[in-house]
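Student: I would like to learn how to read the packing and the charged pairs of a model such as this one. Could we go through the features one at a time?

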Amino acid sequence: MYTLKNTLFLNLTKNQKSSLLGFLKSFVKKHGDKETNEIYDLFVEDEVYYFEQGVPHFEWIIREFEHEEFAKQVCLYIDECKKQLQIREAQRPILEKQKELMKIQRQKIREFKLSKEPPTKKQLYYYDQLCKKYNIEKEDTQNKSRLDMMRIIERIVDEHKDTEIKPGKSLKNLP
C-alpha cells in the first residue's frame, strides 16, 4: 500500500493528497460492505452535496471529478483499502489471542514484583481487622510478601462472603 500511495494523485500537493487518502480510508471503512463503484459514487455524491451546502471537505475536488484518471486512482485506492480491511479482519483472532497472552504475561510480571516486596501497612491493618472481625487466628506475617498477603486477604474475604459488611456499618459494630 505504501508504494501505491506514492504512485497515486501525483498532481495533488502533499497536504491535499494526505487529507484525501485519510478521508478515503475512513470512508471505505464506513462503507466497506459495498462494491468499489458504489463507494466511489457515494463519495462523489457526498462531496457534491457538501460543496453545494458551502462546507466541502475538499474545495479543490469538484474539478477533479471531471477527470477520468482521478476516478480510476480513487477506485484503485478504494480497492486497496478494502483489501487492507479484509486482511485486518482475518488477523483479528490472532491479535485477540495475542492481546490475551500479553495480559497474562503482564499479570505474571505484576505477581513476580509483588512477591519480592514486603506487605504494605494497609494490607497488614486490613488483615488484622479481618482477623478480629471473623475471629480468625492470625498467621505470622513477618516473612510474607505483598502477594502472599493479597492472597491471604482474598481467601478470607471469599470464605466469609455471606457475612459481608453492609453499607453504613463499621467493623466495631459487627460480632
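**Reading charges and packing**

Tutor: At 36% relative accessibility, Arg 155 counts as partly exposed. Please keep in mind throughout that this is a predicted model.

Student: Which residue forms a salt bridge with Arg 155, and how far apart are the closest N and O atoms?

Tutor: The partner is Glu 159, and the closest N and O atoms of the two side chains are 3.9 Å apart, which falls inside the 4 Å cut-off for a salt bridge. The general idea behind such a pair is that an α-helix has 3.6 residues a turn, so residues three or four places apart point the same way. Here Glu 159 and Arg 155 are four residues apart in helix α7, and are therefore separated by about one helical turn. The pair also belongs to a network of salt bridges that links Glu 139, Lys 144, Arg 155 and Glu 159.

Student: How many salt bridges does the whole structure hold, and where does Glu 89 find its partner?

Tutor: The search of the whole structure finds nine salt bridges. Glu 89 is joined to Arg 92, with 3.1 Å between the closest N and O atoms, and because these residues are three apart in helix α5, about one helical turn separates them. Both ends are partly exposed, Glu 89 with a relative accessible area of 46% and Arg 92 with 42%.

Student: Which parts does the salt bridge between Glu 111 and Arg 151 tie together?

Tutor: The side chains of Glu 111 and Arg 151 meet at 3.4 Å, N to O. Glu 111 lies in helix α5 and Arg 151 in helix α7, residues 146–159, so this bridge ties together parts that are 40 residues apart in sequence. Glu 111 is partly exposed at 25% relative accessibility, and Arg 151 is likewise partly exposed, at 42%.

Student: What covers the buried residues of α7?

Tutor: The cover includes α5 and α6, the latter spanning 121–134, and the buried residues of α7 are Leu 147, Met 149, Ile 152, Ile 153 and Ile 156.

Student: Which residues of α2 are buried?

Tutor: They are Lys 17, Leu 20, Leu 21, Phe 23, Leu 24, Phe 27 and Val 28.

Student: How is the aromatic pair of Phe 43 and Phe 65 arranged?

Tutor: A pair of aromatic rings is described by the distance of the centres and the angle of the planes. The structure holds nine aromatic pairs, and the one between Phe 43 and Phe 65 is edge-to-face, with 6.0 Å centre to centre and 85 degrees between the planes. Phe 43 lies in helix α3 and Phe 65 in the loop between α4 (61–64) and α5, so the pair ties together parts that are 22 residues apart in sequence. Phe 43 is buried at a relative accessible area of 0%, and Phe 65 is buried at 17%. Both rings belong to one aromatic cluster, which is formed by Phe 9, Phe 23, Phe 27, Phe 43, Phe 58, Trp 60, Phe 65 and Phe 70.

Student: Where does Glu 47 lie, and which side chain of opposite charge is nearest to Glu 47?

Tutor: Glu 47 lies in helix α3. Glu 47 is buried yet has no salt bridge, and the nearest side chain of opposite charge, Lys 30, is 10 Å away. Leaving aside neighbours within four places in sequence, Glu 47 is in contact with Phe 23, His 57, Phe 58, Ile 61, Ile 62 and Phe 65.

Notes:
Residues numbered from 1 in each chain as written. Predicted model: local features only at pLDDT ≥ 70, side-chain atom pairs only at ≥ 80, totals over all residues. Heavy atoms only, no water. Phe/Tyr/Trp six-rings, centres within 6.5 Å; stacked < 30°, edge-to-face > 60°. Helix = DSSP H or I, 4+ residues; strand = E, 2+ residues; numbered from the N terminus. Buried < 20%, exposed > 50% of the residue type's maximum accessible area, 1.4 Å probe, protein only. Contact = heavy atoms within 4.5 Å. Lys, Arg positive; Asp, Glu negative; His and termini not counted.
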